[in-house]
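This briefing goes from the overall dimensions of the chain to one of its sheets and the elements around that sheet. Please read it alongside the sequence and the structure shown here.

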Amino acid sequence: MNLTPENQSRLGQISQSQQKFDSNIFLESLVKNLQFVICKIPERASKKDLFEALARTVRDRLILQLNETEQRYEKSDTKQVNYLSLEYLIGRSLRNNLVNMGIYDVCQDAMEQLGMDLREIEECERDAGLGNGGLGRLAACFLDSMATLQLPAFGYGIRYEYGIFQQKFENGQQIEFPDGWLQSGYPWEIRRSHINYPVRFYGRVIDEPEEKGGSKRRWVEAEQARAVAFDVPISGYSNETVNTLRLWSARAVRDFDLASFNRGDYLQAVMDKQRVETISKVLYPNDQAFSGKELRLKQQYFFVSASLQDMIVRFKTRNRPWMAFPEYMAIQLNDTHPSIAIPELMRLLIDEEALEWDEAWQICRQTFAYTNHTVLPEALERWSVALLNNLLPRHMELIYQINDRFLHEVRHQNLRDPGLLSRVSMIEEGWEKQVRMPFLSIVGSHTTNGVAALHTDLLKETIFKDFYNLFPERFQNKTNGITPRLWLRCANPELAELINDHIGNDWITDLERLENLLDFATKKNFQNQWKEIKRLKKQQLCEWVRATHKVELSVDSLFDVQVKRIHEYKRQLLNILHVVHLYDHLKKNPKMIVPKRTFIFGGKAAPGYYMAKQIIRLINDVSAIVNKDVEIEDRLRVLFVTNYGVSSSEKIIAASEISEHISTAGTEASGTSNMKFSLNGCILLGTHDGATIEIGEQVGSENIFTFGMKAKDVQHLRANGYDSQQIYNENSRVKNVLDLVGSGLFNPEEPQRYRDLVDSLVHNDHYLLLADFDDYAACQELVGKTYQDVPTWTQMSIANTAKVGKFSSDRTIREYATQIWDVHPLPHGR
């Protein structure tokens, strides 16, 4: 539709006027959505109905700002960043959007007019099943910061129909159930049916003669799917900028094979549709089997191919030559999962756009940047050459060519190290050839970054040492961060209000202003208010636990929390072994006076990860015995929170007093939950690992509890021979704890249940739990003593919040934007 400038201006004024509304106007819009979208009258509407109507009312306002933001980006001649991530752990969106748009109080007033409590309506929202763990949560924080900083940005991912899984417990064991989070719809998404792209798989590659002589490689006989776009608006804080998270859903090219149906083959008639749409069906399948690995690679290629095609369409509207592509498009690979994007962009440029190799490679190298998230060699992604060659035959050819040209360059640079070529080759030789995807990511990008200072140093010194020696200028550190909008303003509104009353609210977008709280840290009145809020959050958590888990917790106990993905290197097992030690100590000394302790665990184990699932079961077995023991009363309690996710973490983090980050030194890339806990005045108990080191540097060693070996100590111990059996034989405390676990004390119906777990520690303690046990126990004893000194504890808590300003994702994204992407803010009104 063609509009005159006057009409365009008039529509713009109407849009702006529609954004300015009070609670009455908001209520009117809400009732309209309730009646005409949800098809309910207010008198008969359930809380779930009200949530759906409320979300759509907020989304209507978001769309106005989204359209204005997109127009602003289209009219500008500015560079945009495109963030590729296989996960986005968004959680719930209602409160975050209300706060960012500055209409939380307006909405609250409107709900009160209906006789409803907004907080009860918020509880009706399901967590979006788009991510699992720290990687996805980091991506969600980054999207929030990009919008808040008004950076021209697109997020790209997959619209999973089912999330990772719903976790339940049967006899203490983790049982997985489908997480059909989309079954009732997702009110925040906008379907863009007209934005769809073909994505191909399988087939073969042939030489096709060209008119001018010679030939070109052509991918033929491929199976095809279509990627359909669903957009989720991402609101910036108080700035009317709304960016886009574009999620791709797989659709069959043909919904129905009429020929098969007419032949009576009814299953075949819909089989193609079902097979294709499996691609976006489930978040991260269990990749123990070949079919699971193939599906995961399909997912990776599916979303990067659609995303790159979408970027190219947007770039072509600029009418600029191809060599200008990196001037308009920055692409960030969030870990190795999207790395197949490098050969895919090469394919699109060479095969579809007819560029020469050197031109295409220069564009790739100047466009991509790569974030690594692990230092564990076994976690570095590899794909078998056979799998890649079958699923993506053209890409396997391109990877071979990229590797050959790279090795040719290396060969001319360094002739004195005969093993270098095999060490840096993207093709790992062996009984099954593998493609080392991190190596492809490094070679095909202009920048590689780690996510914490220690992590980046370890990348340079260990797994990527050869690449660092070849091009040190490409390596940077970008310490992770979290958004203060969600993790303090939304998750802990009472504490946010107290902070606002004393230092104003500028900290919401400039987190280092929290340091002004130190002026009040020793004032008794402020300390009392701080303690009252922590107690309130503990009471709220106790009520939630009572309602959801049927467990009574003591608000007077020390809440000691370890909530994160269950993995051996994160050492939840060390934590529960110490709980066994405490329990045994209390049983042997029943009249001993000690601070009450509540240990709270949470997290999911991968379905095929046997040892992680055993750790969960042990925690639940210990909990069952400890919590029913009348002799120790409520001096010790253990709780494993079921189905831990973003919404439950908001409740837990705000109420926590000690948060454990006890991974073996040198194994955790960064960790961001440590930042969330510190921001909420929780004191960390941690090892010298990941970002916990940097948090300790910021808040001061006097305001954090640390124990255990450092990364270099771990390397030295392993290099010189670590004998865990000797520790078991010589350390009576360690032996006693392991013998208790192995004896069947906590599982008398099956005494040998944890024999394999105990044996793994005695004979192959890879993550050095026994080596760190005594130091950990001593540190926990210091925690208990310090907790009894209430003024000191409160001052430490305040200091954690006040000094954690460095760890805002706003700071991290500013560094990416200025030092990697060269992308600049485009404020509203420009």
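In this predicted model, the protein chain has a radius of gyration of 28 Å, which agrees with the value near 28 Å that a compact globule of 830 residues would have. The C-alpha atoms fill a box of roughly 90 × 75 × 65 Å when taken along the principal axes.

**Chain as a whole**
- The secondary structure of the protein chain comprises 34 helices and 22 strands.
- Of the 830 residues in the protein chain, 59% are buried, while the accessible surface comes to about 33,800 Å², with 48% of that area belonging to carbon and sulfur atoms.
- Among contacts in the protein chain with a separation of 6 or more, 76% are between residues 24 or more positions apart.

- Nine strands form an open sheet with mixed pairing, and their order is 5-8-9-2-1-10-11-15-16.
- Its edges are strand 5 (190-201) and strand 16 (475-477), each of which pairs on one side only.
- Neighbouring strands of this sheet are turned by 25° against each other on average, with direction ignored.

**Strand pairing and helix packing**
- Within the sheet, strand 8 (residues 223-235) pairs with strand 9 (residues 242-252) in the antiparallel sense over 11 bridges, and Ala-225 stands opposite Ala-252 in strand 9.
- Helix 18 (residues 453-461) packs on the sheet, where it touches strand 15 (447-450) and strand 16, and the direction of helix 18 makes about 160° with that of strand 16.

Technical notes
Residues are numbered from 1 along each chain as its sequence is written. This is a predicted model: local features need pLDDT of at least 70, side-chain atom pairs count only at pLDDT 80 or more; totals for chains, interfaces and linings use all residues. Side-chain values use heavy atoms; hydrogens and water are left out. Two strands pair if DSSP finds at least two bridges between them. Helices (H or I, at least four residues) and strands (E, at least two) are DSSP runs, numbered from the N terminus. Axes are lines fitted to C-alpha atoms, for helices over the stretch in contact, and angles run from 0 to 180 degrees between N-to-C directions. Contact means heavy atoms within 4.5 Å. The radius of gyration is taken over C-alpha atoms; the globule rule is 2.2 Å times the number of residues to the power 0.38. Buried means under 20% relative accessible area, exposed over 50%, partly exposed in between (1.4 Å probe, protein chains only). Accessible areas come from the Shrake-Rupley method with a 1.4 Å probe; for residues, only the protein chains shown count as cover.
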